Amino acid sequence: MSIICPDCHAELEPQNGLAHCENCHKDINLEARCPECHQPLQVLKACGAVDYFCQNGHGLISKKRVEFVPV
């Protein structure tokens, strides 16, 4: 899933809950969502690792499957 800048519609890369638009020079906050139920995920951070957990019964979600949406 690609993330699109809401202002200029450029494609963005997510990094640690943010995406930076080079065209607009803006940082855009992103929310991690479950690919199954599309609800917000709980972000678990420990020892430099970031994991995602769905509280709606889908358990741990792989970083590769997380949907990031602009907030």
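Predicted model: local features only at pLDDT ≥ 70, side-chain atom pairs only at ≥ 80, totals over all residues.
Started with F53, which stands opposite L60 in β8.

Next I looked up how β7 and β8 are joined.

Then I went for the whole sheet. I found an open sheet of 3 strands in the order β6-β7-β8, with antiparallel pairing. Which strands are at the edges? They are β6 and β8 (59-61), each pairing on one side only. I also noted the twist, which averages 40° from one strand to the next.

Back to F53 and L60, this time for the surface. Together with L44 they make up a nonpolar surface patch, and the accessible area of the three comes to about 260 Å². I placed L44 in strand β6, residues 42-46.

Last stop was I4. I found I4 in strand β1, which spans residues 3-4. I4 is partly exposed too, because its relative accessible area is 36%, which falls in that range between 20% and 50%.

What does I4 touch, leaving out residues up to four places away in sequence? I listed H9, A10, E11, L12 and P70.

I also checked I4 against Q42: they are 38 residues apart in sequence, and C-alpha to C-alpha they are 23 Å apart in space.

Terms used:
Residues numbered from 1 in each chain as written. Heavy atoms only, no water. Patch = residues over 30% accessible without salt bridge, like charges linked within 9 Å, V, L, I, M, F, W, Y side chains within 5 Å. Areas by Shrake-Rupley, 256 points an atom, 1.4 Å probe, with all protein chains shown as cover. Salt bridge = Lys/Arg side-chain N within 4 Å of Asp/Glu carboxyl O. Helix = DSSP H or I, 4+ residues; strand = E, 2+ residues; numbered from the N terminus. Pairing = 2+ DSSP bridges. Axes fitted to C-alpha atoms, helices over the stretch in contact; angles between N-to-C directions. Buried < 20%, exposed > 50% of the residue type's maximum accessible area, 1.4 Å probe, protein only. Contact = heavy atoms within 4.5 Å.
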